[in-house]
Amino acid sequence: MATSCTVLSTTAWCVDRRAKSLRVGQAIAVGFSVCSAPDQLRESAQTWAGDSKDPRAADAKSATDTENGAGPATKPEHSSPRGGPFQRFKSDAGLVKWNNRQFTLSLSNKRGGVGGVPNLWLRDSCACHLCVDPDSGQKNFSTTDLEDEPQVQHAELTPDGSLKIIWASDPVGGADPHITVFPAEELAAWCSEGPWQRGRVAKHYNPRRILWDRAKYEDLLAHDRCRVSYMDWMDSGDAFWNAMTDLRNTGMIFVTDVPQDESEVQRIASRIGPMQYTFYGWTWDVRSKPQAENVAYTSQFLGLHQDLMYHDPIPGLQLLHCLSNTCEGGESLFSHGIRAADQLKAESPELYNDLATDQVWFTYRKGEHHYYRAHTAIIRDRYGGSKETRWAPMFQATFPQGLGGPGGLRRWKRAATAFQKIVESESNMVEVKLKEGECVIFDNRQILHGRRQFTAAQGSRWLKGTYITQQTYLAKVTALEKEIASRKAQPEHPPHRHVRLER
Ligand SMILES: [Zn+2]
């Protein structure tokens, strides 16, 4: 992604230019000269001591400030923590302390502080052009090449608030010193967001999740939300990104005016990413047929469920393109699993806890396909909130004897019954009779879907479906995050476009 590292690459470029043009000794001299003049310095040790949870705060407060000016701080502190005595450097941007093992930062302007950032992590995270190939984005060294405790020659907070570290005798590029720069906004994130991974690895656009019930979802549709025309979806304009935002936030959108062509579901999916191949194929047909290998391929009522709970990975998104639906009945049903889970939690925390604790086995056994997987019906995130659900009664295998201790299965059944009652309640279920030319895209890890019985004697019903893995979906969501940021930065839009990118 060209835009993925705008901030970092800009910074890296500055560093590179400096390192390239000056080469080692000179580079260091220039690096030091960035230090603020003494009259510009403000006492920041107090801020640091107040903000930080680090027990060494008191040391910092009492330490003398002899290191102002044009040279690096060398005066050891009173204590000798692991890694030896600290050196420190202050500027308007804050205070940096380091020894041969770790760094401690205290940023000015109440942006907080962070302690115990290992030198090895800092050195390993360098994204300069020597460390990360600017073309391929791949790392040019192995973590194993580095010293256990890379030695710091100098460190400072530059006037723009970036942390600049000069490593002594670095293995990358021979034994020359090496410069690493962490931009100011990244430092602020270390301080406010906890454990930080450079390049925002595995961090995705955090949705303003709308846990809809029937009335809410119908209201969204009435306000032109969660719906996008095929033409707009295939285009990369605002309408596409708005629809992606709605998909991320609500878990379900409808693409309308889709051409009557079997391969369209594939084209629609390709806007997000490659399809997920399963033993059902790249795409599959939902229409009734005799001796169906899956209950979906009959005309029976199909209770609310999620697909492929027995599969690894479980699909992230499911797409269903309606090619015809003229039979009587056959309405599609959708319900928000997380809403139901949260409602259960509010009504009965013990029952919620049972569903989030006891594992259920799911299976598919047909011909040579023997699939098994176990999940809890409710999956919690690391903060204890409801993240995803796993619900597919028709694909449940048997329970292990003694599930969750004596009376375990009875207890699980009680909890599952309560969840099912909520998720299937009329006020929570959205009922839609898909029309020819409509394609629904929904989050298979959060939204349950089902279908009313239909009469196959007259008319026809044919849906073409496919899946997209969660990883592919989230890769697009990462692009969505950048898209939102870039559009926020450029408020000028053609007036005929209705822009509603929001966070
Ligand atoms: Zn580097």
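In this predicted model, helix α13 lies across strands β12 and β23. The helix runs at about 75° to β23. It comprises residues 470-489. At 1.5 Å a residue, these 20 residues should span 28 Å. The end C-alpha atoms are 29 Å apart, which agrees with that expectation.

Four residues of α13 are named as buried: Tyr 473, Val 477, Leu 480 and Glu 483. They cover an arc of only 115° around the axis, which means that they sit on the same side of α13. An α-helix has 3.6 residues a turn, so residues three or four places apart point the same way. The face of α13 turned away from the buried side carries the exposed residues Gln 471, Ser 486 and Ala 489. The cover over the buried residues of α13 includes α8 (238-250), β12 (315-325) and β23 (461-469).

Strands β12 and β23 belong to an open sheet of six strands. The order is β8-β9-β20-β12-β23-β10, and the pairing is mixed. The edges are held by β8 (227-229) and β10 (283-286). Each has a single partner strand, so one side of each is left without a neighbour in the sheet. The twist averages 25° from one strand to the next. Val 228 stands opposite Val 255 in β9. Helix α8 also packs on this sheet, where it touches β8, β9 and β20 (439-443). The direction of α8 makes about 145° with that of β9.

The largest nonpolar core holds 62 residues. Those touching the most other members are Ile 253, Leu 317, Leu 355, Phe 419, Cys 439, Val 440 and Ile 441. Leu 355 is in contact with Thr 376, Ala 377, Ile 378, Ala 415, Ala 416 and Phe 419, leaving aside neighbours within four places in sequence. Another core, of 28 residues, lies apart from the largest one. Its members include Phe 86, Ala 93, Leu 163 and Trp 190.

Helix α10 (residues 337-347) is largely enclosed by the rest of the structure, because eight of its eleven residues are buried. These are Gly 337, Ile 338, Arg 339, Ala 340, Ala 341, Gln 343, Leu 344 and Lys 345.

Strands β15 (residues 359-366) and β16 (residues 369-376) pair in the antiparallel sense over eight bridges. They form a hairpin with two residues between them. Lys 366 stands opposite His 369 in β16. In the turn, Gly 367 has a positive phi of about 55°.

A further open sheet has three strands, in the order β5-β6-β7, with antiparallel pairing. The edge strands β5 (152-157) and β7 (178-182) each pair on one side only. Here the twist averages 15° from one strand to the next. Strand β5 pairs with β6 (residues 163-167) over five bridges. Within this pair, His 154 stands opposite Ile 166 in β6.

Key
Residues are numbered from 1 along each chain as its sequence is written. This is a predicted model: local features need pLDDT of at least 70, side-chain atom pairs count only at pLDDT 80 or more; totals for chains, interfaces and linings use all residues. A nonpolar core is a set of buried Ala, Val, Leu, Ile, Met, Phe, Trp, Tyr and Cys residues joined through C-beta atoms within 7 Å. A residue is buried if 20 or more other C-beta atoms lie within 10 Å of its own, exposed if 12 or fewer, and partly exposed in between; C-beta atoms are placed from the backbone. Two residues are in contact if their C-beta atoms, placed from the backbone, lie within 7 Å. The expected span of a helix is 1.5 Å times one less than its number of residues. The arc is that of the directions from the helix axis to the C-beta atoms. Two strands pair if DSSP finds at least two bridges between them. Axes are lines fitted to C-alpha atoms, for helices over the stretch in contact, and angles run from 0 to 180 degrees between N-to-C directions.
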